Structures are given as C-alpha cells and as structure tokens.
Amino acid sequence: MLPAAVPSRQHTVQPMVTGTSVLGIVYDKGVLLAADTLLSYGSMAKAQNIPRLHVVENTVIGASGEYSDFQRILEILKAKALEETTTSVMDSLYTEESGMTAENTWNYLRMLLYSRRSKFNPFWNELLVAGKDLKGKPFLGSVDKIGTTVRDNFIATGFGAYLAMPLLREKWRPDLTEGEARALLEDCMKILFFRDCRASPRIQLAKCAYDEVLVSEPYELDTAAAWQAEAYRQSVGELEDDGGW
Amino acid sequence: MASSGAGYDLSASTFSPDGRIFQVEYASKAVENAGTVIGIKASNGIVLGVSKPLLHKMVVPSTCSYKRIHSVDEHAGIASTGFLPDARQLVGRAIDEAANWEDQYGVKVPPEVLADRLGYFMHYYTLSGGLRPFGASCVIGAYDQDTKQYKLHMVEPNGSAASYYGVATGKGKQAAKTELEKLNLHKEPCTVDEAVKHIAKILTMLHQENKDNEGKPLEMELSWICEASKYKHVGVPKARIAEVTAWVQEQLEEEDDDEEEAMEE
C-alpha cells in the first residue's frame, strides 16, 4: 500500500524571506521613502543588498514582508502599467502621460490585497505607495496584507510603526524641507538598526518630487559614533551614586 | 478569377473539388475591399502606414475614432485592414499573447512567436463549420531586444504568416506592391526616414488615383519603431508627418509636371 499523498499547502500561512520596515514622509515639495536593503530568512540575514523600493511608472512602491509576494505584485503592476499606457489607451500611439498615479495604484493594490485575503491566501506584505494624488499633490499611502489602507503624511511599516512613528509624529511639520525630511528618516533608520533584530544599516532612499521619481543607490548609515555612547562604555552602576536605580 | 462556389462554399470545413476552401477566399475578399496597409522593414526600424478612407463627414476624423494601428506591447504594433471589428479581435488576442508570454517567461515576446501565435489563432477559425474565418489581415511590426533586429510579418485570413522586407495589403495592394518592388528593399534596405516618405507617397498616390476621392483629404496613420522612438512602437511624430506630407505633395506635383512635359513631346 503506497502512503497517501499529503495534500500540498494551498494558502500562505507564514512568510519565508522577509524585509523589515519601510518609512515614508511627505515634505514640502514631495515624498521621501526609506528602507534598508536586507532580506531575512527567519533569523538569518539572507541577502544584504536587495532593493525594497521600486519604481512603477511614476510611483515608488516599498514593501515589507514576504519578498516573493512583493516581486509578484510588481509583475502585476508592470502588466497593468503596460495596459494603461500602451495597449488600451485610445490615443496611445501619441500618449506620453501615463494614467497611473500613485493614488490609483494605491487603490488598485487595495483591491488586489483585499481580494487575496478574502480567499485566505494573502500577499504577506505591508506596502507603501508614494507619488502624486489625482490632483497632483504629494501622496503617501499604505496597504497591508488584509487590505487596510491608510493615507497620511508619515507612515512606517513593520517595526517602524512602533519605533519610528513616535519620532516622526514629534518632528513632522508640513513645511519640512527635503534636507530635514531626509535627516529625520535617516535618524529613524538608525534607531531601527539599533533596536530591530532584522534590520541593517545599509539603506536606500526614494524621492518623488516635482516630476522626478528617483531611487538612490544603497549606502551605509554612519553608526560608528553610536557605539561610543556612554551607556555602552560604562556600566550603569558606576554612573550615579545610587547605582543608576 | 471569379468562380461560383456551387455548394462548396457554404462552410469553412468543406474543400472544393479543385482543392480550395471558398470561405477562406471570401474572407480574403473582405480584406481586398478595405483600406490599404503598407509596412516596410528598414535597416534601422519599421514603419507601418494605413490609409483610412473617410467613412462620411459626421465621423470625427482624429486617431481616436476607428484607430487602425494598435500597440500590442511596447515593442510591437499591428496595422490591420479588412472587416474592422474582426481586426480589433485579432489585436486583442495579440495583446493577450504578448502579456501572457511576458508573464510566463519574463521577457518580451519575440516577433516571430507573436506572428506564429496569431497565425495559429486565425487558422483555427478556418477549421470548423461552426465558425467563420476572420475577415482581416494584420501587419505586425516588432523589435526583438535580444537579437537587436526589427521584424515585419503579415498574417492573412487563412492563418499563414510570413516575414517580409516590405508588404502591402488591402484595396491598393497590387499598385503598392509594384512600387515597393521598385524600391529594391530586398537587396538594399532603406532607412526609417526614407521608409516614412515612401509609405506616405504610395498611400497618397493611391488615394489620388481614385477619382472618387476627388476633393477628399487623405487620412493616414503612420507608426514606427526605431532608435528615435526608443525602440518602442509609437506614432510617427505629427510634425514629421506634416513635413513628409508636404514633401509628398511636391514630389507628386513634380512628377505630374514631368508627365505633362513627356506627353507634349
């Protein structure tokens, strides 16, 4: 008697190769996103130079969670972009402008993720979508694996929601300049590196401002100075008379 | 060569005693009565051109209505003629084939594969008694990113697909083919800019030769794939079309003058 075949798993129950937080912030002239370039396999640091911020048409999408699901989502969005800009548009032989803005990409992703969750087979991601809204203003929105959407001036996924959001809430102003926004994001990314076990100091930034959408090359955060903090060099017991209690 | 079907022409699944399938031939007639389509494979690009007979003056004559050249993917386009709704179905199928190939294999569909797939599809409809063949021909222009080559194919109602240096179909195909052969494209390809001029000139000539078109402006759709279009299938820029139209007018007037002089002598 041959052993009965075990039915294969038909629904996602846990993520395998994951990315950690993605941060986004709206500043005076546009939107900035930041994410590190680490993919983790459980507690193993599997790949250390992988971009988690991608451009589709004039929108930047950042993902945390299962990376293979993110890759599939990008394929789906690229195919949609082809339809919208090349094959369906009545005037497409001459059209240069794409009909896809960040806002309608965000809405499309909502439909995609919600319908998958409704079949108990979610795309195991939390996505940040950055670009322009339908009125041309800076847009930042998130979609999570159960299809919840949030649009706000600053959003963080994953661990960032616990560690970075308080900082972003404290420091955000509507007239932040690009330099200030960038410094704020880098500060948050450093905090995340220190406190999130699945984070790395090698990060990438993306900017959507005016009509340009740019993703930077990965670069290392300067964390050397932090290891020199007093608390790491001297035991707390020696710091004050009462032993630091 | 008009022969009566005499009962062998009722279904696409019936051969005639002399080995013809009349339904497929009748489908080709639909193509022969429709607007002319010309495609040229140049050394550095592909140009497709369609002559759109203005149906009647109430139709808005911009490219939006009854668009004849469609992009199937970024790197490929189809110019079609014949029974226009059939042509639109074929373009839709080509779009699906291209999207499917990219989804499965991660690369853009190679031109020959696209032409083959469309050929299989059209041929399928010539096999059954319950279906009728498509009454449209498609001229496919595409760029293969791997081999860095341009390819021009035409697929006909009987499902046959072939690759061409220059091709014409539709009402003016005989005259257009003669002109194309004079260009010697199979020995010496022209450049993309020359191809645009040739097609515009041939389409204009054919339009003017038809006395019924007296006073009616020619509606032309031209598209290309070349380095200038970043290897994407897009419409030939309107400024360029205007230049070329003016050039064609000059050329034809010169040729008329030459003819008159020759006649006087």
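In the predicted model, the accessible surface of chain A comes to about 13300 Å², and 54% of that surface belongs to carbon and sulfur atoms. The chain has 245 residues, of which 42% count as buried, and along its principal axes its C-alpha trace spans about 75 × 70 × 30 Å. The secondary structure of chain A consists of six helices and 14 strands. When contacts in chain A between residues at least 6 apart in sequence are considered, 62% of them join residues at least 24 apart.

Part of the surface of chain A is a nonpolar patch formed by A:Met16, A:Tyr41 and A:Met44, which together have about 310 Å² of accessible area. Of these residues, A:Met16 lies in the segment that precedes β1 (17-19) of chain A. Its relative accessibility is 41%, and A:Met16 therefore counts as partly exposed, since that class covers the values between the limit of 20% for buried residues and that of 50% for exposed ones.

Strand β6 of chain A (residues 53-56) and strand β7 of chain A (residues 59-66) run antiparallel and are joined by four bridges. Within this pairing, A:Val55 has A:Val60 of β7(A) as its bridge partner. The two strands form a hairpin with two residues between them, and in this hairpin A:Glu57 takes a positive phi. The residue is placed in the loop between β6 and β7 of chain A, and its phi is near 50°, a positive value in a residue other than glycine. With a relative accessible area of 35%, A:Glu57 is partly exposed.

A positive phi is also found at A:Phe120, where the angle is about 60° although the residue is not a glycine. As background to both cases, most residues other than glycine have a negative phi. A:Phe120 is located in the loop that lies between α2 (102-117) and β8 (125-132) of chain A. With a relative accessible area of 67%, A:Phe120 is exposed, because a value over 50% places a residue in that class.

In chain B, five strands form an open sheet with antiparallel pairing, in the order β8-β1-β2-β9-β10. The edges of this sheet are β8 (166-169) and β10 (234-235) of chain B, each of which pairs on one side only. The antiparallel pairing of β8(B) with β1(B) extends over four bridges, and B:Val37 stands opposite B:Thr169 of β8(B).

Nonpolar side chains tend to be buried together in soluble globular proteins. In the model, the largest nonpolar core comprises 27 residues, among which B:Ile38 and B:Ile40 touch the most other members. Two or more residues are contributed to this core by each of β1 (37-42), α4 (173-182), α5 (192-209), β9 (219-226) and α6 (238-264) of chain B. Among these elements, α5(B) gives the most, with nine residues. Strands β1 and β9 of chain B, which contribute to the core, also belong to the five-stranded open sheet.

Note on methods:
Residues numbered from 1 in each chain as written. Chains lettered and ligands numbered in written order. Predicted model: local features only at pLDDT ≥ 70, side-chain atom pairs only at ≥ 80, totals over all residues. Heavy atoms only, no water. Patch = residues over 30% accessible without salt bridge, like charges linked within 9 Å, V, L, I, M, F, W, Y side chains within 5 Å. Areas by Shrake-Rupley, 256 points an atom, 1.4 Å probe, with all protein chains shown as cover. Salt bridge = Lys/Arg side-chain N within 4 Å of Asp/Glu carboxyl O. Buried < 20%, exposed > 50% of the residue type's maximum accessible area, 1.4 Å probe, protein only. Core = buried A, V, L, I, M, F, W, Y, C linked by side-chain atoms within 4.5 Å. Pairing = 2+ DSSP bridges. Contact = heavy atoms within 4.5 Å.
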